[in-house]
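This report goes through a structure by site and by element. Please keep the sequence and the model in view while reading.

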Amino acid sequence: MGTELISNLLEIFTAEDPMPFDHPEGDPWKDFRQIMRIEWKMEFTYRHILGKYSKFFIELANKRFFTTECPKCGKVWGIPRPLCADCLTITRWKELPGTGVLSSFSVSYFVPAFMKVETPYVLALVKMDGADTLFTHQLRNFGRVEDIKVGMPVKVAYATEPVSHPMLLMWFEPA
Amino acid sequence: MEVLNKKRRVFVLGGGISKFAAERVDGNMRDWVNEAVLEALEDAGVDIQDIEHSTTSYFSDHFDKQLKAGAIFHDNIGMCPKPNVRVEGGGATGGLAIRNAYAYIMSGLCDSMIVFGAENMGRHVPSDVAQQFIALASDTDWEVQVAGFYIAYYAMMMVAHMEKYGTKEEQFALVSVKNHRNAMYNPKAHYPMDITVEDVMNSRMITYPYKLLDNCLLSDGAACLIFATEEWAKKHCRTWERKPTIEMTGTGCGTDFMRMADRPHPYPGITHFRGKRMAAEQAYKMAGVKNPLEDFDCFEVHDAYSGVELVSYEDLGFCKEGESGKLMEKGVFDLGGELPTNTSGGLIGFGHPVGATGIAQGVEILRQLRQEAHPKRQVELNAKRGGMDSHGGTGTFCVVNIFERRD
Ligand SMILES: [Zn+2]
């Protein structure tokens, strides 16, 4: 055989013609139906920069919720951005009270394993008090799913246990 | 937008599709692109040696872990040393590729363009990893860390739509029923099925309000289209006189903020696709479309999730905001209805190999306008015009393209 020399070999098999309906005269690829599958593992670790909005995450660790306000047009972006996308003015930091109203939500009963959350998992869009646009985060400690209503007041809650990403220093809860 | 030199016109000469399926273990992306290209060349009656330019369409560098894959597709079909360009716009990549062909030909950069697209997203990575790769197409600093799950974003949009307009789960379940059913007459479809609204409603709840059968699947597959000017076609296309003449008469593109959270209220808010409305307005203006329900015979609409198709009807101008569910109930968009949509099966029934999807929409419209579709899914031609709506992110990229039959 010799194939045992291939350390990452998974299988060798004969594939079927996936389009026999297109090939009444016979399979034009019949000499190419032997297929090999191998395992290919790649792992990467990044040293990721969180950009000019890093202060948001630093303040989350201090249990404070900051965003940005445009000094020209006055727009307060729910998610901070260093440049106002409406008028291209450099913004300034502004602290918000961390309260708001639920704009919409979804309830997931299945989540991909990479997410490391319990189900049912609730993703929320929140209109923060003092901001003109929304903020996206999880809603936790909501009690029963039936009790989650668009328009209900919510507030930012802060982590006290170690987290795997600075964004997880916060979440929303019913206010 | 008076940029168009009306002396130049762009025609659709041929198309091809390599089967959409859950996992194509018989080959990889390059093999599927080869198949789609061979079919398109045969359909168009042209030789690759005569085609001047190509456009590559695929979305993810993670799925196939082959950067610059377009160079391989292009050299596999003997296009070197002629020019190639890759376009990318998430789920709208295929629509952008068609638009790119139009732009290059109209500008005079070339007289002929072959557009090929594929995506390798089936089962060669576990579905968890696949979901993570797709999640990377949302904001990785602000959204992925807390959500990272496209269905959860779209479900929030649909909850808001239901809240605002009273849209019902049964109404978007009808989209799934229609698209799975249409796919039964498309042998290249991934997911043909004869199901009922009850089947959709009773399928496993993934993310409220979306059940398992409301969602499209990850597919493998490829698609190809060939475009050229009339002058080029007369010279190089053996089927030019024999097959109905199909012209590309409109194209539009629009965008929105990457994160739904940043979008302005009340419109689009978190219910609508502002970029799609802009894309449709541009394309309709170019093609002279006044009333889309009457001016199109068929339309391929982006249906990654069933509710997305309903909302898209509203932004494509088929009805007013909030009225799509009722029209769906009336059968307006079914085969035999006023404007049949996703006759191919759409993303839900035909499949969604992202880079191929938008191009496959174009192949379907080409087949419909030439009256070559399976008799059970062939639409009646009145306006002799078909549209397609290619969409990425949560409406972050939207492209609308229009083909017309010239008799
Ligand atoms: Zn501003």
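## Basis of the model

The model is predicted: local features need pLDDT of at least 70, side-chain atom pairs count only at pLDDT 80 or more, and totals for chains, interfaces and linings use all residues. Residues are numbered from 1 along each chain as its sequence is written, chains are lettered from A and ligands numbered from 1 in the order in which they are written, and side-chain values use heavy atoms, with hydrogens and water left out.

## Zinc site in chain A

The zinc ion has the SG atoms of A:Cys70, A:Cys73, A:Cys84 and A:Cys87 as its protein donors, lying 2.3 Å from it. Donors are N, O and S atoms within 2.8 Å of the metal (3.2 Å for Na, K and Ca); water is not among the atoms, so sites may look incomplete. The spacing of the donor residues in sequence is C-x2-C-x10-C-x2-C.

The angles among the 4 donor atoms run from 92 to 121 degrees, and the site is tetrahedral. Four donors count as tetrahedral if all angles lie between 85 and 135 degrees; four count as square planar and six as octahedral if opposite donors are over 155 degrees apart and all others between 65 and 115, and anything else is irregular. A:Cys70 is buried, at 1% relative accessibility, whereas A:Cys73 is partly exposed at 42%. Buried means under 20% relative accessible area, exposed over 50%, and partly exposed in between (1.4 Å probe, protein chains only).

## Domains of chain A

Chain A is assigned domain 1 (3–38) and domain 2 (51–174); such bounds come from an automatic or database domain assignment. The centres of the two domains of chain A, taken over C-alpha atoms, are 50 Å apart.

## Helix H6 of chain B

Helix H6 of chain B covers residues 169–183, and its 15 residues should span 21 Å at 1.5 Å a residue. The expected span is 1.5 Å times one less than the number of residues. The end C-alpha atoms are 22 Å apart, which agrees. Helices (H or I, at least four residues) and strands (E, at least two) are DSSP runs, numbered from the N terminus.

Of the 15 residues of H6(B), 12 are buried, and the helix is mostly covered. Among them are B:Phe172, B:Val175, B:Lys178 and B:His180.

## Backbone geometry

A cis peptide bond joins A:Thr119 and A:Pro120, with omega about -5 degrees. A:Pro120 lies in the loop between strands E6 (99–108) and E7 (121–128) of chain A. In chain B, a cis peptide bond joins B:Tyr208 and B:Pro209, with omega about 5 degrees; B:Pro209 is in the loop between strands E5 (205–208) and E6 (210–211).

B:Lys65, a residue other than glycine, has a positive phi near 45 degrees. B:Lys65 sits in the loop between strand E2 (54–57) and helix H2 (69–76) of chain B and is partly exposed at 32% relative accessibility. B:Gln371, not a glycine, has a positive phi of about 55 degrees. B:Gln371 is in the loop between helix H14 (354–369) and strand E10 (385–392) of chain B and is partly exposed, with a relative accessible area of 47%.

## Surroundings of B:Asp315

B:Asp315 belongs to helix H11 (residues 306–315) of chain B and is buried at 2% relative accessibility. Not counting residues up to four places away in sequence, B:Asp315 touches B:Tyr267, B:His272, B:Phe273, B:Lys276, B:Arg277 and B:Ala280; contact means heavy atoms within 4.5 Å. The C-alpha atoms of B:Asp315 and B:Val400 are separated by 11 Å, and these residues are 85 residues apart along the chain.
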